[in-house]
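Reader: Could you walk me through how the ligand sits in this model?

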Amino acid sequence: MQRVVISGTGLFTPSESISNDELVAAFNAYVQQYNLTHAQAIAEGSLKPLAESSSEFINKASGIKSRYVMNKSGVIDPSRMFPHIPERADDELGIQAEIAVISAREALAQAGKTPADVDAIIVACSNMQRAYPAVAIEVQQALGCGGFAYDMNVACSSATFGLQNAVDAIRSGSARCVLVISPEITSAHLEFRDRDCHFIFGDVATTLVVEAAETCTVDGAFEVLGTRLVTQFSNAIRNNFGFLNRCDESGVGARDKLFRQEGRKVFKEVCPMVAEQILAHSAALGIAVSDLKRLWLHQANLSMNELIAKRVLGREFDRDDAPVILDEYANTSSAGSIIAFHKHRRDLAAGEIGVICSFGAGYSIGSVVVRRC
Ligand code: CO8
């Protein structure tokens, strides 16, 4: 069977970051204004007052300390509470394609490849900025690549699902070098006026260069030993935004057209599934748990990752075993585990093994077992 490697990674990080304190100050100013505006209805009992948020809660419940965003001023303006991202003309490069291209160029340089070497691009992320043409095809043109390109969405698991598609394409011979790009502008689909989730997400773009081992020219690539995907339907993480919305005017702009979740339920249901998947996947490949050097986990919640790492590795949580980037980046949906891989893989010695694992809405879980070449 054709051996496949990940030979390069790229990361685009927005220049603007919001600390918990800044986010909470904006949120609480919004809450105070809301309660003032609706003071009469609240006093009459027909409307519930909104409760304030706190940095202590956010840090303790999630481990998140800050998040990068494409636009900070709109998010922390209490009279707006969402990013300001101006529309662009059809003949300009779109914002999602722009950040995708930046991360792709870094990944290609790291892999020692040029756009001419790439024959497939998969843009895999939670939210696409339009229905068509595919963002991936726009990226293909902007980079100057040949071959084919398409978009796919499996929420937080998009990158690992895209990675399996890339590996399968190379093994089947339909491509030799594939870019898996995750440009996540999650701030546009987050309700910053909802205390339960206003702190969760951040923006970023990542790229993986996936190619046949025989074409790889750089040191330190990671061979893909196996990929395993699983899905199980759940409404616990859901966003009803879509093209049918306009067909029922009563729902336009309603809360369910943005991200929402039952965080506790997700936590309880997903953690055991993820630990089981990593253990079963490693066992199926004949890899002992003691040989797993690193877990590059989806970055949604620190306690979640501590629990999963403990269950899989059977020892106390150590950031070296399962690197944490969510403190700085928050949940960047499909890009989270790839940022962890991008930043924390170079210290592995040749032959050492790790697992990239994503999980999220769907539910969906993707695990990819890799070995440093
Ligand atoms: N400040 C102060 N208090 C608060 C706040 C706040 N901001 N928010 C809630 N509280 C209060 C609650 O009201 C509650 O009070 P009470 O006990 O009186 O009822 C108390 O704090 C505890 O609330 P929770 O039970 O909600 O708190 P948890 O400890 O469970 O923490 C988390 C909440 C952080 C959400 C946690 O449950 C979690 O992280 N769960 C996992 C979530 C997860 O992994 N989700 C994956 C989603 S990502 C994904 O799949 C991608 C989707 C696509 C992305 C699209 C981009 C937008």
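This is a predicted model: local features need pLDDT of at least 70, side-chain atom pairs count only at pLDDT 80 or more; totals for chains, interfaces and linings use all residues.

Reader: How many residues surround the ligand?

Author: The closest are C156, R195, R264, N301 and A361. The shell divides into 12 nonpolar residues (Ala, Val, Leu, Ile, Met, Phe, Trp, Tyr, Cys and Pro), three charged (Asp, Glu, Lys and Arg) and 13 polar (the others, Gly among them). The number of residues surrounding the ligand is 28.

Reader: Which side chain has an N or O atom 2.7 Å from an oxygen atom of the ligand?

Author: A polar contact is a pair of N or O atoms within 3.5 Å. The side chain of R195 has an N or O atom 2.8 Å from a ligand oxygen, and that of S53 has one 2.9 Å from a ligand nitrogen. At 2.7 Å from a ligand oxygen, the side chain is that of R264.

Reader: What share of the ligand's exposed area does the protein buries account for?

Author: Accessible areas come from the Shrake-Rupley method with a 1.4 Å probe. Taken alone, the ligand exposes 1,200 Å². Of that, the protein buries 75%.

Reader: Which element gives the largest share of the shell?

Author: Helices are DSSP runs (H or I) of at least four residues, numbered from the N terminus. Two or more shell residues come from each of α3 (55–62) and α8 (263–284). The largest share, four residues, comes from α8.

Definitions and conventions: Residues are numbered from 1 along each chain as its sequence is written. Side-chain values use heavy atoms; hydrogens and water are left out. A residue is near a molecule or strand if one of its heavy atoms lies within 4 Å of it. A polar contact is a pair of N or O atoms within 3.5 Å; within protein, one must be able to donate a hydrogen and the other to accept it, and residues adjacent in sequence count only if both atoms are side-chain atoms.
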